[in-house]
Amino acid sequence: VSTQSTGIDKRTIKAQPHATVAHFFRRILLLNMSYPGFESNKRTQDELYESNGEPKKQKIEPTVSRVVHVRNLPPDCTEQELVALACPFGRVVNVLLLKGKNQAFIQMSDQISATSLVQYYNSVQAAIKSKPVYLQFSNRDEISAPASNQTGQTQAQNNILLVTVQNVLYPVNIDVLHQIFSKYGSILKIVIFSKSGFQALIQFSDVVSAVNAKMSLDGQNIYSGCCTLRIQFSNLPNLNVKYNNDKSRDFTNSSLPSSSGSLPTTFNPNNNLFNSCILTEANGQMISPYSLTAAGMPGVPGSTGTATTPVIIVNNLNPEKPDLDALFNLFGVYGDVVRIKILYNKKDTALIQFANSTQAEIATTHLNGCPLEGKHVQVNLSKHTSVALPRTGTEQEHSNMTKDYMNSPHHRYKVAGSKNYQHICPPSSVLHISNIPLTASEEHVRALFSQYGTVVAFKFFTKDRKMALIQMSSVGEAVESLIRLHNYRMSVDGEGDTNIKVSFSSKSVQS
């Protein structure tokens, strides 16, 4: 198009090049709009340019994909947290975490699941570790980059996992492993052996289930502070199980015989009994006693692993005398209490935060309906995920209605692998007392507990007079005795001077 046909003088262009060029091309556009065939692709000047003359950026509609791109991740984000974010919307097939870029890709099993995930978090702000994260469809439809092992070589995904359990302090057996891993898919076979400590091979029915289990469980503890799972893919094509016994199990064939001289049902970390394993890997290669909340707590009543909050709400307390330390002693029987808050405008209600959600669930199960100071408390899981301290300068700050127990020396489960987990039971009229001064007699202990009810029976342990069982006439009296005397400093004639420990017991007192 010549300048003559546009009506623009060449000298004008030379004199004002920047101001005129955009106008020049707009004139060309307007002229072209009158040419035949232009109507089919016509765009108005307003559609193509901003008010300042700058070309508009054209919006590109995202293509729906099974892979979702996540950005603005916290630096310490884990694959498990990404799986937890996405799994409510469908099966998570794979996760690729780009830690250096604070980004990740999540591959769902189908586009419907991915669409539900993206649409939901477009309307609700997603967050990981309290940091907002943003989700959108990726331009890829599959995550092709496999996870890397420690040698830097890629590791092929397989439906068989090699599981190594480190720092074994509590019993681990086939049943425990099956309960944990079966949450992620159907398990066909399990073989346990001890080539490098306690190890197991777990065969899933499909690769996807094995990938999900590895992503969710690798690095997790079966028990608090111990029994750590280290998981990698095996290169075995199949497990050949000949016997159904303590060291191998074929869940698809219950008719297999058990071998003679069957091994003990659990692995003893101090006694290496699993040397005669029937399979070896080709390349040689819960502040509660079950911190994997998805697995629950075998052997500990009250845990199903379904709780998602460490906070419980307690109703029907005595509003005339709210006692934070009494609540700490009672609820501390079932977990480590971190913080307690009596509601300022509703003094018969308290929020209690535990160290984790499993402990909160156990306390809820055992203490709902428990007698306390003439009432029966109602205990439920709260919608809150933490209990906040009062703001500085407010009236609540000086009301003594909130107390932080984070650094309390009286937590029962602060030691990893504490044996206290083995003795958890519902409230009962029988109490277990420990750390009794050696100078204390039966009469001394009876007199102490008689302040809070009628002592029905009492017995020192035969082999350890620092421990005893005492039975009160009712559960309510036992509860009152526990909240008043747990950590009570007891001395006899100025001697002994120790803090006694009180807990509920499932045993009976034999007079």
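How many bridges join strand β2 to β3, and in which direction do the two run? Six bridges link β2 (residues 92–98) to β3, and the pair is antiparallel. Strands here are DSSP runs of E with at least two residues, numbered from the N terminus, and two strands pair if DSSP finds at least two bridges between them.

Before going further, a word on the source: this is a predicted model, in which local features need pLDDT of at least 70 and side-chain atom pairs count only at pLDDT 80 or more, while totals for chains, interfaces and linings use all residues. Residues are numbered from 1 along each chain as its sequence is written, and side-chain values use heavy atoms, leaving out hydrogens and water.

Let's stay with β3, which spans residues 103–108. Five of the six residues of β3 are buried, so the strand is mostly covered (buried means under 20% relative accessible area, exposed over 50%, partly exposed in between, with a 1.4 Å probe and protein chains only).

Now follow Phe105 to one of its contacts, Arg140. Arg140 sits in the loop between β5 (131–137) and β6 (160–166). Leaving aside residues up to four places away in sequence, Arg140 touches Ser65, Val67, Leu96 and Phe105, where contact means heavy atoms within 4.5 Å. Ser65 is 75 residues from Arg140 in sequence, yet their C-alpha atoms are 6.9 Å apart. Arg140 counts as partly exposed because its relative accessibility is 30%.

Key. Helix = DSSP H or I, 4+ residues; strand = E, 2+ residues; numbered from the N terminus.
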